[in-house]
Amino acid sequence: ANQFLDDRQRVYIQLATTPKEAVAKAISAVRRTLFVVATHGNEPIGVNVLKQLEQEKIITGNSWIIGNPKALEKGLRYTEDDLNRVFPGANSGGSYEKRRAAEIMDNLGKYRYVVDIHGTDDDVGIFIILSNSTVENVALAERFDVSRVVFWPSTRGLAFGSLNQFARCGIEIECGPQRNEKIQQELKQVLTRYLLGLKASRPKLYFKVYGKLEQYRGLQEFKS
């Protein structure tokens, strides 16, 4: 059976009996990016934008899923537990969110990149959050036409946390105010450029969180 190489389920192994089968499986697995939207059910911006990209056939070769469909249906942040705090989840027992986290983790090995899209009602514009500042994650962030990148390491330890703490290569995109049409169109443009392989045009501003948002490398105010 297929399995993960490590206990944090970041490296996925597909078994094959012949070289030909191995090549076929490798080709079929080249769905490059998994977009996760509505990890919180009261953050629908990603759902709206990804539906548009799917209708316009821009997302071809990639995939997207609703992180917390039950919470989205009810318009709630979560039903029992905050999904963005319980990864890698639990396959049996526990809350709905823990089981859903385990389901999502089971699919991560099929993708090279994971992009978790969040929304807020605050006027923050669009910025990227990195839970793990690995070379791969920074390189992925560089491919998106978003100027602000925040290094925000977890302070909760390694047992449970956000999706991108456990993804092989993943970032989070935060957008707000999420019901603002201009922000929705900007997010759509950002994702479209990435999916079409267009180079990011905006220079990056990097910040790091030390318990509170501070300037990083002497850069200007975060909200500028």
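Trainee: Which side chain does a polar contact join to that of Thr39, and at what distance?
Mentor: This is a predicted model, where local features need pLDDT of at least 70, side-chain atom pairs count only at pLDDT 80 or more, and totals for chains, interfaces and linings use all residues. Residues are numbered from 1 along each chain as its sequence is written, and side-chain values use heavy atoms, with hydrogens and water left out. A polar contact is a pair of N or O atoms within 3.5 Å; within protein, one must be able to donate a hydrogen and the other to accept it, and residues adjacent in sequence count only if both atoms are side-chain atoms. Here the partner of Thr39 is Asp116, and the distance is 2.8 Å.

Trainee: Is Thr39 buried or exposed?
Mentor: Thr39 lies in the loop between strand S3 (31-37) and H2. Helices (H or I, at least four residues) and strands (E, at least two) are DSSP runs, numbered from the N terminus. Buried means under 20% relative accessible area, exposed over 50%, partly exposed in between (1.4 Å probe, protein chains only). Thr39 has 1% relative accessibility, so Thr39 counts as buried.

Trainee: What separates the C-alpha atoms of Thr39 and Leu72?
Mentor: Along the chain, Thr39 and Leu72 are 33 residues apart. Their C-alpha atoms are separated by 8.5 Å.

Trainee: Which side chain has a polar contact of 3.0 Å with that of His118?
Mentor: Start with the setting: His118 is in strand S5 (residues 111-119). His118 has a relative accessible area of 1%, so His118 is buried. The polar contact of 3.0 Å joins its side chain to that of Glu43.

Trainee: What is the relative accessible area of Asn84?
Mentor: Asn84 sits in the loop between H3 and helix H4 (96-108). Beyond four places in sequence, Asn84 is in contact with residues including Thr39, Asp116 and His118. Asn84 is buried, because its relative accessible area is 5%.

Trainee: How do H2 and H7 lie to each other?
Mentor: The axes of helix H2 (residues 45-55) and helix H7 (residues 181-195) come within 10 Å and cross at roughly 50 degrees. Axes are lines fitted to C-alpha atoms, for helices over the stretch in contact, and angles run from 0 to 180 degrees between N-to-C directions. Angles under 35 degrees count as roughly parallel, over 145 as roughly antiparallel, 65 to 115 as roughly perpendicular and the rest as oblique. H2 and H7 are therefore oblique.

Trainee: Which residues of H2 are buried?
Mentor: At the meeting with H7, the H2 side is Ile45, Val49, Leu50, Gln52 and Leu53. Residues on the H7 side include Ile183, Leu187 and Leu191. The buried set of H2 is Ile45, Gly46, Val47, Val49, Leu50 and Leu53.

Trainee: Where in the chain is confidence lowest?
Mentor: pLDDT is the predictor's confidence in each residue, from 0 to 100. The chain mean is 86, and 79% of residues reach 70 or more. Helix H3 (residues 69-74) is highest, at 98. The lowest mean, 51, belongs to strand S10 (residues 213-214).

Methods
Contact means heavy atoms within 4.5 Å.
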